Amino acid sequence: MQIAEHMLRTGRRGTLHEFSMALADLRASSQKVGLAWSLAWHDVVSRYRGSILGPFWITLSMALMVLGIGFIYSKLFHIALDEFMPWVAIGIVFWGMISLTIIEGCDTFVAAKGMLSQTSLPMFTFVWRTALRNLINLAHHTVIIVGVLIWYGYWRKANVPLAFVGLALTLLNVIWISFAVALASARFRDIPQIVGSVMQFAIFLTPVFWLPGHGILAKHAVLVFNPFFHMLDVIRSPLMGRMPSGLSYAVLSTMAVVGWTATFSVFAVIRRRIVHYL
């Protein structure tokens, strides 16, 4: 009797039921990855429809940015160009993927308002849509990295399989962060502005344009407690023939477990309300 009365007042059947429905949403979305890919591809195509180079315009501007920063900063900091240019190229390309996935995550559910209110599509489908859209863009920009690694001879010692492991670990974290800001943005429309400001500030605290000094990896709080540094480290170091810090793997693994557990728990609790928030 008490359970029936609780359902009548709140519309909730209990925590276990909410988690089971959230898991059902996740399972259903895994069966619709093709739909998420189609939506992501459509986003990229529609964004650059009528353009001659399409998304390669961004690749071209990013390449010019890499060249400009690489040549100028290497002179200012008195760093050898063959060391600094690959560092900057890899940093800028992967920082772009990380930051855009998180920033665009704010619109994950807001932009899908029409489909969510008129269909019964799994909500996770739109989370994968945001991630896949930015992976498509990343695929275009890897031309810059390949060109720099070949030009400066790093292709001989680059550990590509280990870099893919680092990319997978980075994506695990970037996607749950994108998912978290999507949930927050559905309820509070100020979140995109906050996230954009945080990401603009974070780029200056992360060694994208600058190299950390000797011994600073294990000592400086700006790096040790900066998750974005660890994300870049597990990708960039293998591509430059170095071993990433064990601390980076530990931090990202812990973040992935804690972050996904917390974000999925919040999603399970508020899943029914997201459409009403929109």
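Student: Which residues of H3 are buried?

Tutor: First, the general idea: buried means under 20% relative accessible area, exposed means over 50%, and partly exposed is in between, using a 1.4 Å probe and protein chains only. In helix H3 the buried residues are Ala36, Leu39, Ala40, Asp43 and Val44. Looking down the axis of H3, you find these buried residues within an arc of 135°, so they line one face of the helix. The arc is that of the directions from the helix axis to the C-beta atoms.

Student: What counts as a helix, and what kind of model is this?

Tutor: Helices (H or I, at least four residues) and strands (E, at least two) are DSSP runs, numbered from the N terminus. This is a predicted model, in which local features need pLDDT of at least 70, side-chain atom pairs count only at pLDDT 80 or more, and totals for chains, interfaces and linings use all residues. Residues are numbered from 1 along each chain as its sequence is written, and side-chain values use heavy atoms, with hydrogens and water left out.

Student: Where is confidence lowest, and where is it highest?

Tutor: pLDDT is the predictor's confidence in each residue, from 0 to 100. The protein chain averages 85, and 90% of the residues score at least 70. Confidence is lowest in helix H1 (residues 2–10), with a mean of 45, and highest in helix H8 (residues 160–187), at 94. Over residues 1–10 pLDDT stays under 50, and the model has 5 contacts beyond four places in sequence for them. Residues 214–218 also stay under 50, with 6 such contacts. A contact means heavy atoms within 4.5 Å. Where pLDDT is low, the predicted coordinates should not be read in detail.

Student: What does H3 pack against?

Tutor: The buried residues of H3 pack against helix H6 (113–118) and H7. Take alanine 36, which sits in helix H3 and is buried, with a relative accessible area of 0%. Leaving aside neighbours within four places in sequence, alanine 36 is in contact with Thr125, Trp128, Arg129 and Leu132. The C-alpha atoms of alanine 36 and valine 127 are separated by 8.5 Å, although these residues are 91 residues apart along the chain.

Student: How many residues does H2 have, and what span should they give?

Tutor: The expected span of a helix is 1.5 Å times one less than its number of residues. The 16 residues of helix H2 (residues 15–30) should span 22 Å, and the end C-alpha atoms are 23 Å apart, which agrees.

Student: Which residues of H2 are buried, and which exposed ones sit on the face turned away?

Tutor: An α-helix has 3.6 residues a turn, so residues three or four places apart point the same way. In H2, the buried residues are Glu18, Ala22, Asp25 and Ser29. Seen down the axis of H2, these fall within an arc of 55°, so they line one face of the helix. The face turned away from the buried side carries the exposed residues Leu16 and Arg27. The buried residues of H2 pack against helix H3 (33–47), helix H7 (124–151) and helix H12 (246–270).

Student: How many aromatic pairs are there?

Tutor: Rings of Phe, Tyr and Trp (its six-membered ring) pair if their centres lie within 6.5 Å; planes under 30 degrees apart count as stacked, over 60 as edge-to-face and the rest as tilted. This structure holds 13 aromatic pairs. In one of them, tryptophan 37 and tryptophan 41 have ring centres 6.2 Å apart and planes at 20°, so the pair is stacked. These two tryptophans are 4 residues apart in helix H3, about one helical turn. Tryptophan 37 is partly exposed at 41% relative accessibility, and tryptophan 41 is partly exposed at 46%.

Student: Which parts of the chain does the pair of tryptophan 95 and phenylalanine 228 link?

Tutor: Their ring centres are 5.3 Å apart and their planes are at 75°, so the pair is edge-to-face. The pair links distant parts of the chain, with tryptophan 95 in helix H5 (residues 81–105) and phenylalanine 228 in helix H11 (residues 227–239), 133 residues apart. Tryptophan 95 is buried at 6% relative accessibility, and phenylalanine 228 is buried at 10%.
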